[in-house]
Amino acid sequence: MTSSASRNLSRLPLREELRGQEPYGAPQLAVKAMLNVNETTYDVPEDVVDAIAKEVRAAAAVLNRYPDREFSTLRDKLADYLNRDLASEGEPAELTAEHIWAANGSNEIMQHILQAFAGPGRSVLAFPPTYSMYPLYARGTYSEYTPGTRAADFIQTPDDVAAQIREHRPNVVILCSPNNPTGTALTLETVEAAYAAGEDSQTMVVVDEAYGEFRQTGTGSALALLPGRERLIVSRTMSKAFALAGGRLGYLAAAPEVTDAMRLVRLPYHLSAVTQATAVAALDHSSTLMANVERIKAQRDRIVTALEQMGLRPAPSDANFVFFGGLTDEKAAWQHLLDEGILIRDVGIPGHLRVTAGTEEETTEFLASLQRFTSSAT
Ligand code: PMP
């Protein structure tokens with residue numbers, strides 16, 4: 001088979017803006033510790049595997065039919081799940097299926113949002129360093145992408161975000177909280193300020209909470225801000241906390257009018273019956289799956305403390321990963337870890353790397369390997 005690297009795509013009449021571009025893709029290497037794409041590294045618990053298999057088997061019997069286009073059972077369960085999250089913070093829990101939309105990963109959720117609210121002649125604002133797919137969602141939907149700015153410590157303040165929204169007047173602004181790759185979360189005041197600043201330009205404000213379940217106690221979810229804010233969208237995923245990256249299920253909560261807008265752009269039957277069955281079974285076992293979230297948060301906090309002790313500079317993290325600086329040669333550190341079977345992420349920021357918080361054993365291996373590197377490098 002010819003490898004894609006040796007083929008010449010320029011022979012095809014490709015869209016101008018796709019010429020010379022590389023596809024998105026973090027390395028997928030079979031090493032002992034894969035800590036580079038912020039998955040949950042625990043295996044799916046046995047009882048959840050059984051429950052998924054049972055639901056999928058039932059779905060298989062009727063695969064001759066198209067799936068439920070409205071994925072009603074799934075939307076009900078997602079609303080219940082988010083209401084439990086809201087209630088745990090003492091917030092009113094009033095989400096219903098009407099407020100929920102789902103798609104194949106939050107990647108597709110974002111694509112639906114931009115298809116509906118951005119597009120040709122319209123613009124999307126996000127704040128790098130942030131999730132590297134945002135410019136690609138914009139490109140794929142023919143939208144203009146505007147990279148905003150962050151302060152030197154990557155933190156975003158309400159005033160700064162509001163000023164950039166007023167300056168650029170984007171059709172859609174994407175706030176990532178907790179932010180990938182830095183791990184830092186936004187205060188709800190910042191989200192409120194972004195929403196208020198977008199009043200004049202009728203900017204849709206998307207808060208990407210892919211890592212929402214890992215937030216520190218006291219960090220609120222933007223879900224609490226939804227009532228009365230019809231331009232606000234909170235995006236979530238089952239890829240991280242639910243240990244379901246392979247199931248491909250992302251979702252959003254917003255005003256019912258937003259979900260109506262999503263129906264205009266989705267492809268018919270975009271959520272397969274198998275996907276719906278998988279996600280429903282996982283939601284029925286959310287408490288089993290969430291038990292690992294607490295373990296992961298403990299390892300995340302352990303990594304921050306240990307890196308500080310090594311003289312490195314970890315950013316405070318509300319996510320299931322830690323972003324850290326203070327390396328003189330991050331490429332050498334990354335390679336040293338890989339040589340020892342530990343794959344982490346070089347996000348292209350000099351002196352910095354990002355590591356996913358895995359199991360206790362994986363964390364121990366990562367810290368020991370990095371310690372060997374830093375002691376030999378100094
Ligand atoms: N948003 C953020 C911030 C992410 O880091 C990721 C995955 N790395 C996604 C969205 C997409 O996740 P998925 O499509 O698996 O839901």
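Reader: Where is the place of Tyr269?

Author: Tyr269 sits in the loop between H7 and helix H8 (273-284). Helices (H or I, at least four residues) and strands (E, at least two) are DSSP runs, numbered from the N terminus. This is a predicted model, in which local features need pLDDT of at least 70 and side-chain atom pairs count only at pLDDT 80 or more, while totals for chains, interfaces and linings use all residues. Residues are numbered from 1 along each chain as its sequence is written.

Reader: What is the phi of Tyr269?

Author: Tyr269 is not a glycine, yet its phi is positive, about 55°. Most residues other than glycine have a negative phi.

Reader: Why is Tyr269 called partly exposed?

Author: Tyr269 is partly exposed because 13 other C-beta atoms lie within 10 Å. A residue is buried if 20 or more other C-beta atoms lie within 10 Å of its own, exposed if 12 or fewer, and partly exposed in between, with C-beta atoms placed from the backbone.

Reader: And Phe71, is that buried or exposed?

Author: Phe71 counts as buried because it has 27 C-beta neighbours inside 10 Å. Phe71 also has a positive phi, about 30°, although it is not a glycine. Its location is the loop between helix H1 (46-60) and helix H2 (72-88).

Reader: Which peptide bonds are cis?

Author: The bond from Ser177 to Pro178 is cis, with omega near -5°, and the bond from Asn180 to Pro181 is cis, with omega near 15°. Pro178 belongs to the loop between strand E5 (172-176) and helix H6 (188-197), and Pro181 is also found in the loop between E5 and H6. Most peptide bonds are trans.

Reader: New topic: which residues are closest to the ligand?

Author: The closest are Gly105, Ser106, Asn107, Thr237 and Ser239, in a shell of 13 residues (each with its C-beta atom, placed from the backbone, within 6 Å). Helix H3 gives the largest share of that shell, three residues.

Reader: How many of H3's residues are buried?

Author: H3 is mostly covered, with 10 of its 13 residues buried. Among them are Gly105, Ser106 and Asn107.

Reader: Why does the length of H3 agree with what it should span?

Author: The 13 residues of helix H3 (residues 105-117) should span 18 Å at 1.5 Å a residue, and its end C-alpha atoms are 19 Å apart, which agrees. The expected span of a helix is 1.5 Å times one less than its number of residues. After H3 comes Gly119, whose phi is positive, near 100°.

Reader: What is the strand order in the sheet of seven strands?

Author: The order is E2-E8-E7-E6-E5-E3-E4, in an open sheet with mixed pairing. Two strands pair if DSSP finds at least two bridges between them. Strand E2 (100-103) and strand E4 (144-147) are the edge strands, each pairing on one side only.

Reader: Which strand pairs with E6, and in what sense?

Author: Strand E6 (residues 204-208) pairs with strand E7 (residues 232-237) in the parallel sense, over four bridges. Val234 in E7 is the bridge partner of Val207.

Reader: What about the sheet of three strands?

Author: That open sheet has the order E9-E10-E12, and its pairing is antiparallel. Its edge strands are strand E9 (313-314) and strand E12 (353-356). E9 and strand E10 (residues 321-325) pair over two bridges, and Arg313 stands opposite Gly325 in E10.
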